[in-house]
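Here is a short tour to read with the structure open beside you. Take a look at the chains first, and then follow along heading by heading.

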Amino acid sequence: MDLAIILFGLRVLSALILLLLVLVLIWVIWRDYRATMSQITASRRAHGSLIVMQEIEGAYVLTGDIYPLLPLTSIGRSPTNTIRIEDTFASSEHALITRRNGQWWLEDRRSRNGTTLNGIAITKPVVITNGDMIGIGHIRYRVNLET
Amino acid sequence: MDESATDLALKTDELELSRESQTERLLLLIGGGFIAINFSALMLLRSSNNLIEWLPLLIWIGCAIGGHLLLHRYLANRDPLIFPLVMFLSGWGLVIIDRLAPRFADRQAIWLIVSVIMMFLTAEFPYLMRWLKRYRYTLLIGGLILLISTILFGTNPTGQETAPQLWLGFGGLFFQPSEALKVILVAFLASYLAEQYPLLRAEHLRDHRHLPLSPRIIGPMILMWLLAVIIAVWQRDLGTAVVFFMVFIILLYVASGYLWILVSGGFLTVLAAFAAYYLFSVVRLRIDIWINPWIEAEGRAYQIVQSLMAFAAGGIFGQGVGQGNPTFIPVVHSDFVFAALAEEWGLFGIIAMIFCFMLLIVRGFRVSALHQDRPFYALFAIGLSALLAIQSLLIMGGVLKLVPLTGVTLPYISYGGSSLLISFIIAGLLLRLSCGERS
């Protein structure tokens, strides 16, 4: 076969492979984008709720506020938190609830007055379950998980 | 018996392949196909039956397989695009160098082996990030000593007295310390700004007016930048000076969020260009031939005019590898590789190449976005990607006469051992950062 024809064939082949590479790269970033988006929407979906209660003369009373429980829920006085409390007892970044490997963890973010779980002050991250009471100042949050 | 055992091992390996490794393997395969086809075409054109001439391709394949297996084994959740892109670009570079200057190809291939090994070691080195962060001043002083030693003992591999003396040579090996200094400088700036980051943010949140940064924050950085730029200008290495300055501006902008930094950075660049125009004959020449190369097309602007001719000759689909005449451009294999690529692969080829660069840099930014809670990692990834971005933009723009020509290499593609090595180390750092924290 003529050398020129072989060379031309190789040129066409190389152009096609280059095109294939570009398309595959686009496909990979598209797949990546889709995966990230579904991850983000999943992390925005509520997995339960936090029911706010207040201590009045030794009894807990529903205040009527219910917050959605997100995989990353932060509680505190600063407006950047997911749940903002207007209570001078709370620190600006008080506590954090995270979902890790299917479990829900509560941790205190070194707040001034501490966080309690069912009345006991927590010092390290703990797993929380349905019906637990998280206490910050005079406020209690009852954990209501979706099953 | 042995065969069936290895077969089984391979099979379980296939089953366990993560999605990252699958993607990486697929991309390496396609990229390798492109490189092999072009290399074969080149060999066919030379009608050589000498096996030794196939060495660069074999080395590339070895590096791709070895690198992939090592990464697959040790960095399971790495970014799957960085390594294939880097290998594809460097393989393409190898083909172009073999086509333009065959005697340099073997040397470049050996540098490729060293680079891939160094990339892997950088990605795997224990506590590397912590060390870079903690010992930043030691690192900076080390880098500056390297640079000063270049000024004192610098040579040029061609042996010319008039050429910039930017290399350190020992026993036939030449290394360009300014390349290493780029990474060191980015590590230093990222570490420094990460430490100041809470302060910068607090200032931004407290008063929304765009206050100038306090001298406490900006002072040492300006000093350090001045030092780097003075030395770079002193060495007549303008490209490196511009890259330093732009990376500095981008990092400062990303860390502080003040738009005026970008504006004043652009202003300072123009000012510096004006000053340099009157101070340095090299700059004056570069800007003169940028504004109008045609009056001196046979003289001082010969290189850039030939480069433009190469682009014109390439057209949309190019002349095909080894079938154009890019060697009309003087020293085409280092700074003007982009023009050679344009002539032989055409617009189609350069769009694909720019796409690869763009994707690499976007992945770098993505790595940075993964580390929003760790300012050092985020800024380091931004700085490294910005380094690649600015350097490739400067030289591609320069070769196309979009901006005045500054002598920097095109990362991964140009001929040059130190450039290749440092570019692969950057890839290694990005791979490491893409894996998240492991200390």
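## Where the chains meet

In this predicted model, 21 residues of chain B are in contact with 16 residues of chain A; two residues count as in contact if their C-beta atoms, placed from the backbone, lie within 7 Å. Helix H2 (19-46) and helix H14 (337-370) of chain B are the elements that give two or more residues to the side of chain B that touches chain A. H2(B) supplies the largest share, 13 residues. Helices (H or I, at least four residues) and strands (E, at least two) are DSSP runs, numbered from the N terminus.

By class, that side of chain B has 14 nonpolar, seven polar and no charged residues. Here Ala, Val, Leu, Ile, Met, Phe, Trp, Tyr, Cys and Pro count as nonpolar, Asp, Glu, Lys and Arg as charged, and the others, Gly among them, as polar.

## How to read the model

Residues are numbered from 1 along each chain as its sequence is written, while chains are lettered from A and ligands numbered from 1 in the order in which they are written. Because this is a predicted model, local features need pLDDT of at least 70 and side-chain atom pairs count only at pLDDT 80 or more, whereas totals for chains, interfaces and linings use all residues.

Now to the strands, which pair if DSSP finds at least two bridges between them. An open sheet of five strands in chain A has the order E4-E3-E5-E6-E9, with mixed pairing. Its edge strands, E4 (83-84) and E9 (126-128) of chain A, each pair on one side only. Strand E3 (residues 72-76) of chain A runs antiparallel to strand E5 (residues 95-100) of chain A, joined by four bridges; Leu72(A) has Thr98(A) as its bridge partner in E5(A).

Elsewhere, strand E1 (residues 48-56) of chain A pairs with strand E11 (residues 139-145) of chain A in the antiparallel sense over seven bridges. Strand E10 (residues 133-136) of chain A also pairs with E11(A) in the antiparallel sense, over four bridges, and Met133(A) stands opposite Arg142(A). The hairpin of E10(A) and E11(A) has two residues between the strands, and Gly137(A) takes a positive phi near 65° there.
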